[in-house]
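Please read these notes with the structure open beside you. They are written for someone new to protein models.

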Amino acid sequence: MLYLGLACLEYEAKFSISRIVHLLAVEVMSRVPGNVTPCLEFLEKEILERERMMCGDFRDFQDLLDNLKSSGHSQCTTVWTKDSVAYRCRTCQVNDASAICERCYHQGDHQWHDFVMYNSDSGGCCDCGDKDAWKEEGFCTTHRLSNQKKGHVPFHLFVPARETVCWALRMLSIWVHKIWEERIKDPKASVEDKIQAAKLYIDWLQKVCSVDALRNLLSVFVTRKFIFDISFDVDTVSPLTKSVQRVANSPLKILLKTIQSMPEALTEGETTLFLQMLYNGWFKREFTQELMLHYSDMVIDVAQKIHDYGHHADFIRDCKALDSTLDRVMVQLFNVPKIALIEEQHLLENFISVFKRVLEICLVRGTATVDVKHEAIRQKVYLRPQGDLRLMSLIHM
Ligand SMILES: [Zn+2]
Ligand SMILES: [Zn+2]
Ligand SMILES: [Zn+2]
């Protein structure tokens, strides 16, 4: 009976049976907390099938991306990771954090300018084409304002594109949540297969984010709520003490809530994805708001874990990866004067309170004296809120 039903669906909706079965499997998987092993080959095939659905009359997925890219682009949206080459130009930059990518440098005219090529310490984002961060005369030929035009997804492809993007966000959220669940039970749990599954969707979403029109779609839907079978209130200390519920959460909330428990291999990819979306002004505001809800948990959790577990090499490496995420993101949040944003989100109060709570974790028991030999002090956890306060004041005061 089930097969007959599926066959009818296949005929009527032009869905393949394998896809319907897989969708059912995903639905079931998202409801089952605990250990589910991903079949990477199956997930890869599913991605290809989704890409085909999105293509419409285009030859293949790459052809679709190329066409959408040429139909409209705004500023450069290149994101680089640490140790990449980038350029600063004192003649063109608007603030000390501004930088451009290698390609934009070579396509622009900086002859006789006060420029410098450097190896990026923690990664960055290209500012070419953004008047708030770079002077117009320093824009490269591709990103000059006269060449910028708004990209959009063709009308007939909008629904499949939206559905595919939402599907990938949901799949990423499910795998990230499963990794988080297991690592909360056991911080040293081996979750390599799930990391590979999550990476498939991160890589795909990064590719989609390189196209203006699709990035705008992604930036909106990453903040929309989906139904997940998990409990994720921001006040919940541990999900294990609560029964599993169907609750609506946005992928952005899930990604930020779990990021401090993610292995380094995922943190970097997630951060690059955030930075790509931060080129969308609307997303920047939503992201700052959501990040500030979790910032305190992120930093205090690190101090608390160091307090509880002491020095553990893998754990310290993951903490450093989280720190590098916040380094990369914070610079982008404060790269344009947005005093209103700082006041609205009470950033000053937030950073000061986190700084105070980190020191409280490191007090000598029963006293008000900070133990300078505490591992969290040795690992300089307090530098996070202190550095963010400094960054904010450097740019705005
Ligand atoms: Zn660039
Ligand atoms: Zn450029
Ligand atoms: Zn220049």
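The points below go from the whole chain to single residues.

1. Basis. This is a predicted model, in which local features need pLDDT of at least 70 and side-chain atom pairs count only at pLDDT 80 or more, while totals for chains, interfaces and linings use all residues. Residues are numbered from 1 along each chain as its sequence is written, and chains are lettered from A and ligands numbered from 1 in the order in which they are written.

2. Overall make-up. The protein has 16 helices and seven strands. Helices (H or I, at least four residues) and strands (E, at least two) are DSSP runs, numbered from the N terminus. Of its 397 residues, 34% count as buried. A residue is buried if 20 or more other C-beta atoms lie within 10 Å of its own, exposed if 12 or fewer, and partly exposed in between, with C-beta atoms placed from the backbone. Among contacts between residues at least 6 apart in sequence, 74% join residues at least 24 apart. Two residues are in contact if their C-beta atoms, placed from the backbone, lie within 7 Å.

3. The core. In soluble globular proteins, nonpolar side chains tend to be buried together. A nonpolar core is here a set of buried Ala, Val, Leu, Ile, Met, Phe, Trp, Tyr and Cys residues joined through C-beta atoms within 7 Å. Which members of the largest nonpolar core touch the most other members? They are Ile-100, Leu-172, Leu-205 and Leu-214, out of 79 residues. Helix 6 (residues 158–185) gives the largest share of this core, 11 residues. Leaving aside residues up to four places away in sequence, Ile-100 touches Ala-86, Tyr-87, Tyr-105, Cys-126, Asp-127, Cys-128 and Trp-134.

4. A helix pair. Helix 7 (residues 192–209) and helix 8 (residues 212–221) have axes that come within 7 Å and cross at roughly 125 degrees. That angle makes helix 7 oblique to helix 8. Axes are lines fitted to C-alpha atoms, for helices over the stretch in contact, and angles run from 0 to 180 degrees between N-to-C directions. Angles under 35 degrees count as roughly parallel, over 145 as roughly antiparallel, 65 to 115 as roughly perpendicular and the rest as oblique. Leu-205, Val-208 and Cys-209 of helix 7 make the contact with Leu-214, Arg-215 and Leu-218 of helix 8. By class, the residues of this contact are five nonpolar, no polar and one charged. Ala, Val, Leu, Ile, Met, Phe, Trp, Tyr, Cys and Pro count as nonpolar, Asp, Glu, Lys and Arg as charged, and the others, Gly among them, as polar.

5. Three strands form an open sheet in the order 3-2-4, with antiparallel pairing. Strand 3 (100–101) and strand 4 (115–119) are the edge strands, each pairing on one side only. Two strands pair if DSSP finds at least two bridges between them. Strand 2 (residues 85–89) is joined to strand 4 by five bridges in the antiparallel sense. Tyr-87 stands opposite Met-117, and Arg-88 stands opposite Val-116. Is strand 4 largely covered or in the open? Of its five residues, the number buried is zero, so strand 4 lies largely in the open.

6. A covered helix. Helix 9 (residues 251–258) is mostly covered, with eight of its eight residues buried. Among them are the lysines Lys-253 and Lys-257.

7. Two positive phi values. Most residues other than glycine have a negative phi. Trp-112 has phi near 70 degrees and sits in the loop between helix 5 (102–107) and strand 4. Trp-112 counts as exposed because it has 7 C-beta neighbours inside 10 Å. Lys-380 has phi near 60 degrees, in the loop between helix 15 (375–378) and helix 16 (383–396). Lys-380 is also exposed, with 11 other C-beta atoms within 10 Å.

8. Thr-288 is in helix 11 (residues 281–309) and is buried, because 21 other C-beta atoms lie within 10 Å. Thr-288 and Leu-333 are 45 residues apart in sequence and 7.4 Å apart in space, C-alpha to C-alpha. Ile-316, in helix 12 (residues 313–333), is partly exposed, with 17 other C-beta atoms within 10 Å. Not counting residues up to four places away in sequence, Ile-316 touches His-311 and Gln-379.
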